[in-house]
Amino acid sequence: MTTLFISDLHLDAERPQITELFGRFIRSEAHGADALYILGDLFEAWVGDDDPSEAGAVVAHELHSLQASGVPTFFIRGNRDFLLGDAFARRAGITILPDPAVVVLYGQPTLIMHGDTLCTDDLAYQQFRTQTRNPQWQAQFLSQPLAVRVAFAQQARAASKAHQSGLKQQGTMESITDVAPATVESTFSRYGLDRIIHGHTHRPAVHELHVDGRACERIVLGDWYDQGSVLRVDRNGFELRGLPL
Ligand SMILES: [Mn+2]
């Protein structure tokens with residue numbers, strides 16, 4: 001049996017073929033899995049569980065039938081869908097885990113996270129993250145009308161694009177928006193385990209490194225833009241593969 005990991009689908013109405021690919025993946029391969037983990041940025045944007053978006057309704061339906069078939073589904077919030085809450089989790093039959101969380105996969109303790117907390121060189125982003133993860137900020141934000149929240153999300157996306165094109169002009173985009181190596185090392189040290197799985201950077205890869213004399217591996221999931229990306233873990237090892245449209 002296999003445990004599946006996906007992240008960074010960025011589902012929204014503008015890319016219906018990706019929502020369809022997600023639905024096919026859930027109805028086929030995921031139905032036979034031991035568990036499914038979604039490590040954040042399932043949605044391109046999420047401004048509250050009362051958002052009547054089409055992608056939200058489709059995903060809740062697909063995930064709920066997966067859970068009903070006996071496959072436990074876990075979710076870690078990403079930087080796009082950090083406001084996904086308990087009401088949606090109930091609708092979709094998913095369990096929200098803290099970021100990071102330790103899971104034991106076929107005997108191997110593994111740290112799972114979205115991945116944005118490893119990108120500590122991006123100071124502007126980390127500042128935004130601190131602000132928007134504050135419970136008081138969130139309560140205040142969620143108390144506003146849906147239209148106001150949607151406008152804020154559009155603004156935040158525009159600001160993020162402007163920030164990234166600024167970094168590109170300076171030639172620091174590649175390094176600043178990737179993980180900070182020192183933060184990766186200190187995270188392995190702090191948790192004392194040998195494997196981290198995360199998404200966020202859209203740089204699918206398996207990195208091998210040594211921390212405190214231990215051989216460690218950091219598995220980075222890919223995004224779902226031109227195709228899907230799935231990590232399959234079983235008792236014999238793992239496989240990180242693209243999922244064709
Ligand atoms: Mn992300």
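Reader: Let's start with a pair of strands. How many bridges join β7 to β9, and do they run parallel or antiparallel?
Author: There are 4 bridges between β7 and β9, and the two strands run parallel. Strands here are DSSP runs of E with at least two residues, helices are runs of H or I with at least four, and both are numbered from the N terminus. Two strands pair if DSSP finds at least two bridges between them. Within this pair, R195 stands opposite E217 in β9.
Reader: Before we go on, what kind of model is this, and how are residues numbered?
Author: This is a predicted model, where local features need pLDDT of at least 70, side-chain atom pairs count only at pLDDT 80 or more, and totals for chains, interfaces and linings use all residues. Residues are numbered from 1 along each chain as its sequence is written.
Reader: Thanks! What is the strand order in the open sheet?
Author: The order is β5-β6-β7-β9-β8, 5 strands with mixed pairing. β5 (101-105) and β8 (205-211) each have a single partner strand, so one side of each lacks a neighbour in the sheet.
Reader: And which way do β8 and β9 pair?
Author: They pair in the antiparallel sense, over 7 bridges. A205 stands opposite V220 in β9.
Reader: Which helix packs on that sheet?
Author: That's α8 (residues 181-191), which touches β5, β6, β7, β8 and β9. Contact means C-beta atoms, placed from the backbone, within 7 Å. The direction of α8 makes about 65° with that of β8; axes are lines fitted to C-alpha atoms, for helices over the stretch in contact, and angles run from 0 to 180 degrees between N-to-C directions.
Reader: Switching to α1: which of its residues are buried?
Author: I18, F22, F25 and I26 are buried, meaning 20 or more other C-beta atoms lie within 10 Å of their own, whereas 12 or fewer counts as exposed and anything in between as partly exposed, with C-beta atoms placed from the backbone. On the other side of α1, Q17 and E20 are exposed.
Reader: What do the buried ones pack against?
Author: Against α2 (54-68), β10 (228-234) and β11 (237-243).
Reader: How do α1 and α2 sit relative to each other?
Author: Their axes are 10 Å apart, at an angle of about 5°. The two helices are therefore roughly parallel, since angles under 35 degrees count as such, over 145 as roughly antiparallel, 65 to 115 as roughly perpendicular and the rest as oblique. T19, G23 and I26 in α1 meet A55, V58, E62, L63 and L66 in α2.

Note on methods. Two residues are in contact if their C-beta atoms, placed from the backbone, lie within 7 Å.
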